[in-house]
Amino acid sequence: MKKIVHVAAAIITRPDGSFLLGQRAPETYYTGYWEFPGGKVEPGETPHEALVRELQEELGITVEAAHPWLTREHVYEHAHVNLHFFEVPRWHGELQTHVHAALAWQRAESLEVGPMLPANGPILKALRLPRAMGVTQAAQVGIAPQLAALDRALAAGLKWVQVREPDMPLAERTAFMREVENRCAAAGALCSLNAAELPEGFAPARGLHLPARLLMQCAQRPEGEWVGASCHTRAELEHAATLGLDYALLGHVLQTPTHPGQADLGWSRFGELIADLPMPVLAIGGLRPEDMELARSHGAHGIAMIRGAWN
Ligand SMILES: Nc1nc2c([nH]c(=O)n2[C@@H]2O[C@H](COP(=O)(O)OP(=O)(O)OP(=O)(O)O)[C@@H](O)[C@H]2O)c(=O)[nH]1
C-alpha cells in the first residue's frame with residue numbers, strides 16, 4: 001500500500017461566490033489540470049500551517065482566515081493523498097503566479113476551465129450546495145402563511161428548502177410538497193423532501209433528505225440528485241459519509257423550542273464531531289442568518305434554520 005500523503009488545499013473565495021483555481025505547470029504530475037492552490041503538509045506541520053505557508057509560497061498572499069471544510073482521500077497512481085480542504089474567505093496581498101501556469105476565478109455551477117484533478121469532482125459538487133437551508137414549519141404556522149414566507153425568502157435569495165412536516169395530514173402533504181417544489185424550481189432553488197414523510201409513490205424532483213433513523217437503515221445511497229441526512233452523532237455522520245451522501249445536518253447546536261429537553265451540542269463540540277468528514281455538514285438548531293459566519297468558522301458548510309429562515 002502507498003504511503004498516505006497529507007495535502008492542504010484552499011478554496012479561496014471572493015464575496016461574489018467565485019473561487020480561485022490554478023493550472024498545474026509543465027513537468028508535474030497531471031500537467032495542465034486545474035487544482036485548488038495548496039500542497040503537501042511537511043513533517044511537524046498541521047494542515048492549517050501548511051496551507052498558510054503554501055499560499056504565501058505559491059501565490060504570494062497572506063491568509064487572514066482559513067476554516068476547515070472537507071477532507072477527502074484519493075488514490076492516484078503516483079500517491080495516496082489525504083486532501084484537507086479549507087475555505088479561505090479573508091486574505092491580503094497581490095496574487096502572483098509563482099508555481100501555476102495560470103490562475104482563474106471560477107464558479108462551481110459554470111466552470112469555464114478544465115480538466116480538474118480527478119479527486120476534485122466531489123469538491124465541485126459540494127461547492128454547488130447552497131449555504132443556507134430553510135426548513136418548513138407549515139403545520140405550526142399554517143400552509144398559506146408558510147407559502148407566503150417561502151415566496152418572500154426565495155425572492156430574498158434563499159436557494160435551499162427542506163419540507164419537513166411530520167404533523168401535516170397526508171392528504172394536505174402531497175399538494176404542499178408539490179407546491180413547494182414548484183415554487184423552488186421557479187426560483188432556481190433546491191427543494192429537499194423528507195424521506196420519512198413521502199406519500200406512497202411520490203418521487204422527489206431533486207432532493208431527498210433522510211432522518212437519522214432511515215439513514216441508519218440504508219445499506220447504500222438512495223437514488224437522487226442530492227441526498228443528505230440529519231445526524232446527531234459521529235456514528236451517524238460516518239455512515240452518511242460511507243454511503244456517499246452529498247451533505248449532512250448536525251444538531252442541535254443551540255437550544256431550540258422545536259426540540260425541547262434535548263441537550264445542545266455547542267459550537268466546539270460541533271466542530272469536533274464534523275472533523276475530517278468527506279462531505280459538507282450544515283449546523284442546525286436555534287440558528288439565525290447572523291450565525292452563518294460563526295458556523296463556518298467551526299467547519300460548517302452553512303446553516304439550516306426552521307424559524308430563523310422565515311422572518
Ligand atoms: N494543491 C492541490 N493538490 C491536489 C488537489 N487535488 C488533488 O488531488 N491534489 C493532489 O495532491 C497532491 C499535491 O501535492 P503538491 O502540489 O505538493 O505536489 P505535486 O504533485 O505538484 O509535486 P511535488 O511532488 O513536486 O511537490 C498531488 O498529488 C495532487 O495531485 C487540489 O485541488 N489542490
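The model is predicted, so local features need pLDDT of at least 70 and side-chain atom pairs count only at pLDDT 80 or more, while totals for chains, interfaces and linings use all residues. Residues are numbered from 1 along each chain as its sequence is written, and side-chain values use heavy atoms, without hydrogens or water.

Strand β12 (residues 226–231) and β13 (residues 247–250) pair in the parallel sense over 4 bridges; pairing requires at least two DSSP bridges between the strands. Helices (H or I, at least four residues) and strands (E, at least two) are DSSP runs, numbered from the N terminus. From β12 the chain crosses through helix α7 (residues 234–243) to β13, in a right-handed β-α-β crossover, that is, clockwise over the helix with the strands pointing away from the viewer.

Strand β11 (residues 207–210) also pairs with β12 in the parallel sense, over 4 bridges, and Leu210 stands opposite Ala229. Of the residues in β12, 6 of 6 are buried (under 20% relative accessible area, 1.4 Å probe, protein chains only). Trp226, Gly228 and Ser230 lie on one side, and Val227, Ala229 and Cys231 on the other. In a regular strand, side chains alternate between the two faces of the sheet.

A polar side-chain atom of Tyr76 lies 2.5 Å from a ligand oxygen atom, and one of His78 lies 3.1 Å from a ligand oxygen atom. β4 gives the most to the shell around the ligand, with 3 residues.

Technical notes. Buried < 20%, exposed > 50% of the residue type's maximum accessible area, 1.4 Å probe, protein only. Polar contact = N/O pair within 3.5 Å; in protein donor to acceptor, adjacent residues only side chain to side chain.
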